[in-house]
Amino acid sequence: MRARVHDPLGPRWTRRVVPALAVLVMLVGLLTPAGAALRASVALAGVALLVASRLLQVLHASREVVLRLGAGHVDVPRAGLLSQRIRARNVRAASSARTAKGVALALVRSDAPERPIVLELQSEDDLTRVRRALGIGHFGCGEIAWPTTRTDPVSSLGRAVASALLSFGWLAMAIVAAFGRAEMCLAIALPLVPATIAVAIASLAAQRPGARVTLGSHAMTLFDRQGARSSAAYADVVDIRPGEVCLRLQTRAGQLVIPTQEMTPEEREHVGAQIVSAVQRTRGEGPPPPGLPPSLAVLAPREEARSAWLARLDTAAASLAGGGGYRRSDLDTDDLWTALESPDAPAPIRAAAARVLARIAPAEARTRIAQVLESEHDERALAHIRVALEEDVDVAAAELDRLDYAGDHS
């Protein structure tokens with residue numbers, strides 16, 4: 001399917017290639033069978049590249065792509081620096097929104113939580129297909145965040161200047177080493193090494209979450225540079241006014257201003273669309289989540305012991321396999337696969353479907369249930385499906401009772 005991908009940070013490999021290349025150059029310099037001067041020069045050039053690696057990171061432009069969907073992943077091929085595979089297990093949070101151009105799905109990856117990737121799709125059907133590939137439900141999951149302002153503009157600029165000066169210093173050492181001037185190298189290294197260590201420590205300390213806006217399931221939260229927070233529930237938002245450097249939200253409690261200086265123009269548009277869609281969902285507007293076939297109601301737990309419910313599922317499986325009564329009630333394998341693979345289906349129904357399918361189609365179920373477990377984001381559903389696959393009814397019933405008790409008292 002055609003889509004537009006917005007990924008300013010880029011996939012992991014684009015953020016690792018320069019440091020990896022720098023380490024490779026250093027290893028070549030240390031291990032190559034050459035003269036001492038040349039080896040030292042190459043190794044120091046690798047250090048210079050490593051110090052400069054943060055300066056070489058850029059924000060990538062958006063581009064049109066053709067997505068390829070698979071079980072538990074979405075591929076972004078032939079997209080230059082944005083080419084990547086988005087795996088369901090690496091998605092920490094997701095949220096969708098309707099935009100002027102169609103629909104958009106924001107995804108937070110485990111290796112880049114500070115800035116989501118946004119897939120702008122052409123239709124609700126495309127959105128449903130991408131959600132299904134990644135195991136994401138109709139209402140999304142987790143919490144997404146965008147940066148608002150720099151944590152500390154002055155110190156950020158200072159660290160950038162310091163990194164540039166340090167990288168030039170290490171490059172100068174590499175050039176001096178190439179001419180065999182060990183004394184001059186030592187003179188440069190005496191102030192350069194401790195300065196590099198100090199900047200590295202400061203850079204690591206500055207990687208804490210900074211000023212940002214986070215969007216959760218029921219409310220948004222704005223964090224400033226000092227970590228102070230202010231929140232607004234979507235149900236309290238009455239008006240949204242976008243600007244060039246901020247979003248102004250009028251709530252029942254007053255005005256909330258979200259700075260957007262650190263966002264790209266596309267990100268500003270998407271954040272506004274996400275908030276509008278969240279407010280609309282709170283009011284019950286927008287498309288409803290997909291329903292399930294009515295026939296699956298017979299698999300839902302009733303006022304019965306868990307062991308009785310599991311035994312009833314096993315009876316249903318035996319009837320389906322033998323063409324008995326459950327087939328006549330229109331319960332079939334297509335309905336069961338739909339329930340199992342739908343993130344929006346209740347956890348007990350999905351667990352019931354998994355247990356029945358594991359008995360009537362063991363070979364196919366082994367693969368498809370593994371794919372569901374691999375891409376599942378709901379820990380409760382994940383636990384119920386795994387327990388439901390236990391052969392021993394009494395063991396499975398006891399574990400389900402424990403899960404239900406833990407859920408009721410969490």
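Which residue forms a salt bridge with Arg 85? Asp 75 does, and the closest N and O atoms of the two are 2.6 Å apart. The legends below start from that pair and move on through other parts of the chain.

This is a predicted model, in which local features need pLDDT of at least 70 and side-chain atom pairs count only at pLDDT 80 or more, while totals for chains, interfaces and linings use all residues. Residues are numbered from 1 along each chain as its sequence is written, and side-chain values use heavy atoms, with hydrogens and water left out.

**View 1**
Arg 85 and Asp 75 form one of them. Because Arg 85 belongs to strand β5 and Asp 75 to strand β4, the pair ties together parts that are 10 residues apart in sequence. Asp 75 counts as buried, at 17% relative accessibility, whereas Arg 85 is partly exposed at 40%. (Buried is under 20% relative accessible area, exposed over 50% and partly exposed in between, using a 1.4 Å probe and protein chains only.)

**View 2**
Helices (H or I, at least four residues) and strands (E, at least two) are DSSP runs, numbered from the N terminus, and two strands pair if DSSP finds at least two bridges between them. The three strands follow the order β3-β4-β5 with antiparallel pairing. At the edges stand β3 (68-70) and β5 (84-87); each has a single partner strand, so one side of each is left without a neighbour in the sheet. From one strand to the next, the twist averages 20 degrees. Four bridges join β4 (residues 73-76) to β5. Helix α3 (residues 124-134) lies across β3, β4 and β5, and runs at about 120 degrees to β4. For such angles, axes are lines fitted to C-alpha atoms (for helices over the stretch in contact), and values run from 0 to 180 degrees between N-to-C directions.

**View 1. A second open sheet is built from β13, β14 and β15.**
This sheet has three strands in the order β13-β14-β15, again with antiparallel pairing. Its edge strands, β13 (237-242) and β15 (254-259), each pair on one side only. The twist averages 20 degrees from one strand to the next. Strand β14 (residues 246-251) is joined to β15 by six bridges, and Thr 251 has Gly 254 of β15 as its bridge partner. Helix α6 (residues 265-282) lies across β13, β14 and β15, at about 20 degrees to β14.

**View 2. Leu 310 sits among the residues of the largest nonpolar core.**
A nonpolar core is a set of buried Ala, Val, Leu, Ile, Met, Phe, Trp, Tyr and Cys residues joined through side-chain atoms within 4.5 Å. The largest has 30 residues, and those touching the most other members are Leu 299, Leu 310, Leu 313, Leu 336, Leu 340, Ile 369 and Ile 385. Two or more residues come from each of α7 (306-322), α9 (333-340), α10 (347-360), α11 (362-375), α12 and α13 (393-408). Beyond its neighbours within four places in sequence, Leu 310 is in contact (heavy atoms within 4.5 Å) with Arg 355, Val 393, Ala 396, Ala 397 and Leu 400.

**View 3. Helix α12 has a capped N-terminal end.**
In α12 (residues 379-388), the buried residues are Ala 381, Leu 382, His 384, Ile 385, Val 387 and Ala 388. Asp 378 caps the N-terminal end, with a side-chain oxygen 2.9 Å from the backbone nitrogen of Arg 380.

Glu 374 and Arg 89 form a salt bridge, with the closest N and O atoms 2.7 Å apart. Since Glu 374 lies in helix α11 and Arg 89 in the loop between β5 and β6 (91-99), the pair ties together parts that are 285 residues apart in sequence. Glu 374 is partly exposed at 41% relative accessibility, and Arg 89 is exposed at 52%.

Technical notes: Polar contact = N/O pair within 3.5 Å; in protein donor to acceptor, adjacent residues only side chain to side chain. Salt bridge = Lys/Arg side-chain N within 4 Å of Asp/Glu carboxyl O.
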